[in-house]
Amino acid sequence: MESFLDRSAGYLINMTALLLKREFNSAIKNNNIDVTPEQWAILNRLNEKSGLTQKEVAKLTFKDNANITRIVDKLENKGMVRRQSDANDRRTWKIAITKKGVEVRDLIEPLAIAILEKATKDLSRKEVELFNQTSKKIIENLIK
């Protein structure tokens, strides 16, 4: 008999996230890539739009400012991003992805796609779309 926990959306979402992250970590390590999933998320956001402020990156990746500072510091030390002062506000830093950052991000993307394909192999395209739509609604409900 299924328990309350086994039917709980929160538990199921958390388990899914943990298993996806475990697969992702394994794929990155097996390919000798020196990036964490959190760092890759930031590289992805900066690849979409380089020159975001630290606050914008934090909001897009659901990280607090202290975490973003640490992650950006590490990415900057690896030469994957660079901080630039904002011409309009010298207290604000914009973060730009470097050529190396784009190369690493592009190297990891096929690994991420393969993991998602593995995770959704027995699901129809419609089921995957419904899952994504439902997940987005849950996220929107929780960030309001």
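Arg105 is found in helix α6, where helices (H or I, at least four residues) and strands (E, at least two) are DSSP runs numbered from the N terminus. The model described here is predicted, so local features need pLDDT of at least 70 and side-chain atom pairs count only at pLDDT 80 or more, while totals for chains, interfaces and linings use all residues. Residues are numbered from 1 along each chain as its sequence is written, and side-chain values use heavy atoms, with hydrogens and water left out.

With a relative accessible area of 8%, Arg105 is buried; buried means under 20% relative accessible area, exposed over 50%, and partly exposed in between, with a 1.4 Å probe and protein chains only. Setting aside residues up to four places away in sequence, Arg105 touches Trp40, Leu43, Asn44 and Asn47, contact meaning heavy atoms within 4.5 Å.

Helix α3 comes next. This helix covers residues 37-48, 12 residues in all, and reaches 17 Å from its first C-alpha to its last, close to the 16 Å expected at 1.5 Å a residue. That expected span is 1.5 Å times one less than the number of residues in the helix. Within α3, the buried residues are Pro37, Gln39, Trp40, Ile42, Leu43, Asn44 and Leu46.

The protein chain has 7 helices and 3 strands, and from the N terminus on its elements run α-α-α-β-α-α-β-β-α-α. Along the principal axes, the C-alpha atoms fill a box of roughly 60 × 40 × 25 Å. Of the 144 residues in the chain, 27% are buried. Among contacts between residues at least 6 apart in sequence, 52% join residues at least 24 apart.

How do the helices meet one another? Two packed helices are described by the angle between their axes and the distance between the axes. Here axes are lines fitted to C-alpha atoms, for helices over the stretch in contact, and angles run from 0 to 180 degrees between N-to-C directions. Helix α2 (residues 9-30) and helix α6 (residues 99-119) pack at an angle of about 140 degrees, with their axes 10 Å apart. That angle makes α2 oblique to α6; angles under 35 degrees count as roughly parallel, over 145 as roughly antiparallel, 65 to 115 as roughly perpendicular and the rest as oblique. The contact is built from Leu20, Glu23, Phe24 and Ala27 on the α2 side, and from Ile108, Leu111, Ala112, Ile115, Leu116, Lys118 and Ala119 on the α6 side. These residues divide into 9 nonpolar, no polar and 2 charged, with Ala, Val, Leu, Ile, Met, Phe, Trp, Tyr, Cys and Pro counted as nonpolar, Asp, Glu, Lys and Arg as charged, and the others, Gly among them, as polar.

A second pair is formed by helix α4 (residues 54-61) and helix α5 (residues 65-77), which pack at an angle of about 105 degrees with their axes 9 Å apart. This makes α4 roughly perpendicular to α5. In this pair, Gln54, Lys55, Val57, Ala58 and Thr61 of α4 meet Asn65, Ile68 and Thr69 of α5, and the residues of the contact divide into 3 nonpolar, 4 polar and 1 charged.

Most residues other than glycine have a negative phi, and most peptide bonds are trans. Asn32, although not a glycine, has a positive phi of about 55 degrees. Asn32 lies in the loop between α2 and α3 and is exposed, with a relative accessible area of 74%. Phe62, in the loop between α4 and α5, also has a positive phi, near 55 degrees. Phe62 is exposed, with a relative accessible area of 56%.

Lys94 lies in strand β3 and, at 28% relative accessibility, counts as partly exposed. Leaving aside neighbours within four places in sequence, Lys94 is in contact with Gly51, Leu52, Thr53, Arg82, Arg83, Gln84 and Asp86. Thr98 is placed in the loop between β3 (93-97) and α6 and counts as buried at 14% relative accessibility. Beyond residues up to four places away in sequence, Thr98 touches Gly79, Met80, Val81 and Arg82.
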